Amino acid sequence: MSLPLDTIQKHFDLHPKPSTLQFQYGTAGFRTSASVLDSVLFRVGILAVLRSKKLDGKTIGVMITASHNPEPDNGVKLVDPRGEMLEASWEHHASTLANADTFGDFVEALELIIKSTKIELSKPARVVYARDTRPSGPALIAAFEDGLKAMGLKGRDEGVKTTPVLHYLVRCINTKGTKEEYGEDSETGYMMKLSSAFKKLVAGKPIPQPLIIDCANGVGGPTAELLSTYLGETLPLINLNTATKTLGALNNACGADFVKTTQRLPPSLSSVLKPGQRACSLDGDADRLIYYYLDERNQFHLLDGDKIAALVAAFIVELVKSAGLEGTIDVGVVQTAYANGASTKYLSERLPVRCVPTGVKYLHHAAEHYSVGVYFEANGHGTVLFSPSAMETLAGHIPSTPAQSTALNHLINLTHLVNQTVGDALSDMLMVEVVLAHKSYSGIEWDSLYSDLPNRLVRVVVKDRNIFKTEDAERRLVSPQGLQAKLDDVIKKYDGGRAFVRPSGTEDVVRVYAEATLRPQADELAFKVAGLVYDQSGGDPLTRPKEFL
Ligand code: G16
């Protein structure tokens with residue numbers, strides 16, 4: 001069987017590639033201004049069909065979202081059959097297809113992929129797809145569907161869903177009828193799975209004070225509303241920033257990225273959140289979660305991905321011990337260089353901790369090396385993975401005391417509560433609420449597990465972010481040459497100083513992270529490093545941001 005070239009060309013011509021642009025499948029797929037993504041979406045449609053054929057017709061997921069990015073951006077990423085990110089070796093194929101200039105180049109690239117990955121075109125293909133609430137979504141979906149049509153496929157359209165729900169659906173569809181069946185392949189199935197595990201885990205605990213959720217004016221809003229109906233009074237939720245139809249509202253002065261980056265409350269919550277009350281923010285596609293609270297002096301306190309990892313990992317370790325499984329089930333944590341130094345210290349004193357480059361794909365794979373792998377990025381993206389052997393151990397363990405039996409049941413229920421396919425803000429939120437209920441912790445007690453080192457994140461707009469290359473899990477720069485030595489000279493002048501520089505994989509910027517023992521020093525270090533990066537990359541002195549030192 002050969003490629004239906006006439007049909008492909010008919011559709012190809014409807015989706016011309018902007019001639020001057022180059023696309024790259026980055027940290028979370030293709031992500032850039034929605035206005036230039038039409039050709040990319042069409043080509044991803046074709047790639048998704050090939051990926052499914054390669055995997056004997058297993059269902060491939062496609063999510064159209066730009067997550068935390070501003071509303072005018074959009075993006076697309078592929079989801080492999082177990083609900084995990086696209087296998088890394090295919091990222092290159094995705095970029096090659098997206099960058100082919102002519103139809104001839106495109107066919108040549110397709111044929112090379114088919115040959116090099118040994119795809120049998122006669123195999124069936126299945127694709128499920130969804131999008132977030134961005135206004136550009138419907139047009140991009142149409143371009144994507146043209147890609148499917150060009151290959152003779154009608155996919156399964158899931159409409160507007162969160163990224164984690166789409167990942168969940170992919171795993172459910174592919175495990176249906178097997179002994180690894182993950183759940184019912186519908187949003188209702190997702191809601192039932194999470195809410196019933198949650199109710200079992202908090203049975204007998206007092207009903208908590210309402211939790212405020214900042215839904216970032218994105219798809220998390222309707223999804224949290226729905227979840228609320230399943231949870232009933234077990235967890236009262238107050239959903240705010242739910243204006244999915246207001247142009248320009250998405251991720252604007254709200255959402256997990258705003259809170260984490262600016263280290264302050266979304267202004268829309270300032271008259272609502274009372275001292276001591278807990279609140280959380282989701283991002284634009286509801287795969288990141290950040291908690292926070294105000295103390296009695298109305299001071300803002302952040303409970304980010306590192307704090308979530310510390311809370312959850314300690315709880316799981318306790319349950320493993322109480323269930324009599326210490327030594328049989330090992331728990332480990334995976335972080336990135338963005339993890340606050342204090343969190344890494346706290347966790348490493350208790351558990352094995354690994355540091356990997358930014359990107360869920362790296363964290364997810366590293367977490368698979370533990371029986372129970374807890375992975376969280378400081379930005380609130382993370383989950384817990386229970387390995388197949390841990391699942392078997394839990395299923396086969398015979399507890400010898402009632403306390404062991406309770407702990408074992410909690411662990412089993414946690415495996416259902418956690419979305420093990422990818423970071424999931426709502427599933428993570430329920431997990432946090434479970435731990436808080438069990439420990440009788442307020443935000444204050446949770447926060448006091450360790451004190452964050454003051455830190456600062458800075459975005460630096462540069463001419464070409466691709467000149468920045470890193471090593472050692474992104475903690476050191478290898479290019480531009482000589483810059484790391486300059487950074488080292490600066491960093492060593494700060495007490496508790498640590499800083500690193502890396503190119504973003506989702507925005508056209510370079511990111512700078514710095515921390516130090518004192519707040520003014522952390523800020524100063526970050527802006528000094530940002531200044532060095534700006535100058536070294538040939539930044540125009542006239543547009544040099546005034547805060548860069
Ligand atoms: C994505 C990735 C995350 C990453 C984030 C920022 O998140 O899934 O792993 O931390 O981008 O990446 P970068 O610093 O390379 O721009 P999301 O929530 O935007 O999909």
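Biologist: In which helix is His-364 placed?

Modeller: This is a predicted model, and in it His-364 sits in helix α12, which runs over residues 360-367.

Biologist: Is His-364 buried or exposed?

Modeller: The cut-off for buried is under 20% relative accessible area. His-364 has a relative accessible area of 7%, so the residue is buried.

Biologist: Where is Thr-223, and what does its side chain contact?

Modeller: Thr-223 belongs to helix α8, residues 220-231. A polar atom of the Thr-223 side chain lies 2.7 Å from the backbone oxygen of Val-219. Thr-223 has 3% relative accessibility and therefore counts as buried.

Biologist: Which residue does the UniProt "active site" annotation cover?

Modeller: The unreviewed UniProt entry puts "active site" on Ser-67. In the model, Ser-67 is found in the loop between β2 (59-64) and β3 (73-79). Its relative accessibility is 3%, so Ser-67 counts as buried.

Biologist: Which residues carry the feature "binding site"?

Modeller: The unreviewed UniProt entry gives that feature to Ser-67, Asp-283, Asp-285 and Asp-287. These residues span 221 residues in sequence, yet no two of their C-alpha atoms are more than 7.9 Å apart, so they gather at one spot.

Biologist: How many residues surround the ligand, and which are the closest?

Modeller: The shell is read by listing the residues around the ligand. Here 20 residues surround it, and the closest are His-68, Glu-377, Ser-504, Gly-505 and Thr-506. By type, the shell divides into two nonpolar, 10 polar and eight charged residues.

Biologist: How much of the ligand's area does the protein bury?

Modeller: The ligand is considered alone, and then with the protein. Taken alone, it exposes 460 Å², and the protein buries 98% of that.

Biologist: What residues does the annotated domain cover?

Modeller: According to the unreviewed UniProt entry, "domain: Phosphoacetylglucosamine mutase AMG1" covers residues 210-289 and 304-441. Residues 210-289 are 25% helix and 18% strand, with end C-alpha atoms 17 Å apart. Residues 304-441 are 54% helix and 13% strand, and their end C-alpha atoms lie 16 Å apart.

Biologist: How many disulfides does the whole structure hold?

Modeller: A disulfide is read from the distance between two cysteine sulfur atoms, which must be within 2.5 Å. A search of the whole structure finds zero.

Biologist: Are Cys-172 and Cys-355 buried or partly exposed?

Modeller: Cys-172 has a relative accessible area of 0% and is buried. Cys-355 has a relative accessible area of 25%, so this residue is partly exposed.

How values were computed:
Residues numbered from 1 in each chain as written. Predicted model: local features only at pLDDT ≥ 70, side-chain atom pairs only at ≥ 80, totals over all residues. Heavy atoms only, no water. Buried < 20%, exposed > 50% of the residue type's maximum accessible area, 1.4 Å probe, protein only. UniProt positions renumbered as here; feature names shortened; annotations may be inferred. Helix = DSSP H or I, 4+ residues; strand = E, 2+ residues; numbered from the N terminus. Near = heavy atom within 4 Å. Areas by Shrake-Rupley, 256 points an atom, 1.4 Å probe, with all protein chains shown as cover. Nonpolar A, V, L, I, M, F, W, Y, C, P; charged D, E, K, R; others polar. Polar contact = N/O pair within 3.5 Å; in protein donor to acceptor, adjacent residues only side chain to side chain.
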